[in-house]
Amino acid sequence: MTIRKVAAVWAGKGTGALSRISRRGGGTTLPGDVARAIDPRILTRLTGDLSQGSAVITGTNGKTTTARLLTWLLEGVGQRVVSNRAGANLIFGVTAATLSRAGADGRLRADWGVFEIDEASLPRAAGEVQPKATLVLNLFRDQLDRYGELESIAKKIERALAALPETAHVILNADDPRVAEIGLGLPNKPVWFGLDDPRVAGKQLPHAADARTCPRCGSSLVFEAVYVGHDGVYHCPNHDFARPAPDITATDIALDGFDSLAMTIRGTRVEMPLGGLYNCYNVLAAYATACSLGLDGGYIAERLRTFRAAFGRQERIDFRGRHLILVLSKNPAGFNETVRTAVDLAHATNFVIGLNDRKADGTDVSWIWDVDFEQLQNKARVVIPAGNRAYDLAVRLKYAGVAAEEPQTDPARALDLLIKTTNEGDTAHLLCTYTAMLDLRAELVRRGWAQPYWET
Amino acid sequence: MSQTFTVGWLYPDLMNIYGDRGNILTLLKRAEWHGYEPRLVELQRGAAQMMDDVDVFFFGGGQDREQALVYDDLIEIKQEPLEAAVAKGSVVLAVCGGYQLLGHYYQTAEGERFPGIGLIDVRTEAGKKRFIGDVVVDASIEGVDPSTLVGFENHSGRTFLGVGARPLGRVRLGAGNNGTDGTEGCVQGGVVGTYLHGSLLPKNPHLADYLIRRALSRRGMGELVPLDDSTELAAHARILERAQQRAGER
Ligand SMILES: [Zn+2]
């Protein structure tokens, strides 16, 4: 125990309490900044206190849901888990999360750390946390203005994984060509997971697909099945690259809108109160990671039945007899899947689509042209473009052949219009980027229809 | 039977980053609304079909890895028919990586030069800082109304114009071609190069119609009935407004 660590913990905790009182967003990262300034090795020291160790989760889509699933599984066997919530997934957010659970003596009292990590932060986070398990979910195009190109992100992840000790578990999505390329180059064989149910697969790559070419010879990959984005079953026509054979698969997939999914993993039927094909990946990934941490498959299946969705990823709010379903949709692959789930599986007709261009959303909104909003054609009855880039959305919807309402940049007016256009007893889907969701949710909180997020 | 209007998309699977598909959709939809039957020709690697018939070519940006994959094909398969089509009056819109590849060369930080196809009199050099953000341009092409163009840039290359090319416009907000001479993009005959994503054409319907009109004029047509662009121009105006606010904050 060093004096420096205790000082860092105290300083960090003081900052957290202050920002919570002033209600400036739940105090999620500032304490991390303060503590790291006093002791730059504070995260390594604190995670060193964990009785079992850490698991880190990265990838473009599904980090938060998967981290919550894994936490839920570990807590079910009596483990004390510390995790970073509310999308604070840079190194400062992880540091703040561990700080919030440290005692007055500067010790972190928990068994496991389950951390979602921004793709670009993985090398640093893995180096500081030394995780027992590292999970990579997928690599889609996302916020290119912030990250530069997919390629440089992939290189960073590869470097982080290659630097892990031999005993560390690496769990990778075999269905993602770019993730597969990373995994095939590692010194130790990872655990591969993938979906195996042609009945729920498409044959055509969507417009948003990125990893279409063979990393060895540059030929266009041939897809036998497309599940989500460019994730599916693929091979190079020159036979020098193909989807790695998965060690763990999900078969017999059944989907029911945003309400539930079911699938068979290693002979066990798993049923979940979560919807959408993309969540099949999250559940399978959490299952594979939990297994590599030593949990039993039968227990996992049982425990998953009672899971509750992460904030905003799939939250339900009822107000004045109307049912709202909030679904975070932050990039083309994610948006395509949430729109598809809403239209095809949930038979949704009323929508608020929220687009912001703040830093956390990505300041370049060009990507909306890669989302297949054409899916809403003749199916959506009410579509309200919202967020500070609502006018861009309105243009996108016009060229998708979708009749939309007047764009609403003010969240309060967007909600007013929603109430006006949605009848009592009906359901509306709010598909929004990160801060557009925060804005709408804050307005729902202001009106007393939802809980502030750090209290849920 | 209405006449066809053909859009040729160069490397749709590889050079399609930053939502450049919006430019394709805008050209196709607007041609349809103007009374033509829209047709899309996808010009993948190894293919050069129907390039003679193309009214407007679109050449978008790609990531380094993809750009390297199209390089040989561009020079070996596409360059000749593309030059021939442009000589006969076809129009080209090239954005970012596509813009650079149509110039004389791209020079890396180490001084190594990768030749482009030299269709336009521009050259590009690697720069250190990446230019990222909203761009507002005062366009210098005639017959576009409003006279502003709005978009989003994200590039580290610095492009400089030779005497054969004139700027597409001058930047009011953003860096443009190189961050130093105040120019953005280039126009050389029927070829328009630019760094503007956004996507570019959806929020600049007047530029889309300029390209369509110019391409049709080689077929002896080109009179376009004005469309209802209130949705597009409202989005355009929002970006101008924000740019003004930002200028006021400075
Ligand atoms: Zn190959």
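**Entry 1. An arginine in a loop**

Is Arg320(A) buried or exposed? I looked up its accessibility and found that Arg320(A) is exposed, with a relative accessible area of 52%. I noted the cut-offs: buried means under 20% relative accessible area, exposed over 50%, and partly exposed in between, with a 1.4 Å probe and protein chains only. Arg320(A) sits in the loop between β12 (315-319) and β13 (322-328) of chain A. Helices (H or I, at least four residues) and strands (E, at least two) are DSSP runs, numbered from the N terminus. Its phi is near 40°, a positive value in a residue other than glycine.

**Entry 2. The basis of the entries**

I recorded that this is a predicted model, in which local features need pLDDT of at least 70 and side-chain atom pairs count only at pLDDT 80 or more, while totals for chains, interfaces and linings use all residues. Residues are numbered from 1 along each chain as its sequence is written, chains are lettered from A and ligands numbered from 1 in the order in which they are written, and side-chain values use heavy atoms, with hydrogens and water left out.

The ideal angle for four tetrahedral donors is 109.5 degrees. I also checked burial: Cys214(A) is buried at 3% relative accessible area, and Cys236(A) is buried at 0%.

**Entry 3. Two buried residues of chain A**

I looked up Leu304(A), which lies in helix α11 (residues 297-304) of chain A. Leu304(A) counts as buried at 1% relative accessibility. Leaving aside residues up to four places away in sequence, its contacts (heavy atoms within 4.5 Å) include Leu69(A), Val270(A) and Pro273(A). The C-alpha atoms of Leu304(A) and Pro273(A) are separated by 8.3 Å, and the two residues are 31 residues apart along the chain.

I then turned to Thr338(A), in helix α12 (residues 332-345) of chain A. Thr338(A) is buried, at 2% relative accessibility. Its side chain is joined to that of Ser329(A) by a polar contact of 3.0 Å. A polar contact is a pair of N or O atoms within 3.5 Å; within protein, one must be able to donate a hydrogen and the other to accept it, and residues adjacent in sequence count only if both atoms are side-chain atoms.

**Entry 4. Backbone of chain B**

I found a cis peptide bond between Asp145(B) and Pro146(B), with omega about 5°. Pro146(B) is in the loop between β7 (122-139) and β8 (148-161) of chain B. Tyr11(B) is not a glycine, yet its phi is positive, at about 55°. Tyr11(B) counts as buried at 0% relative accessibility.
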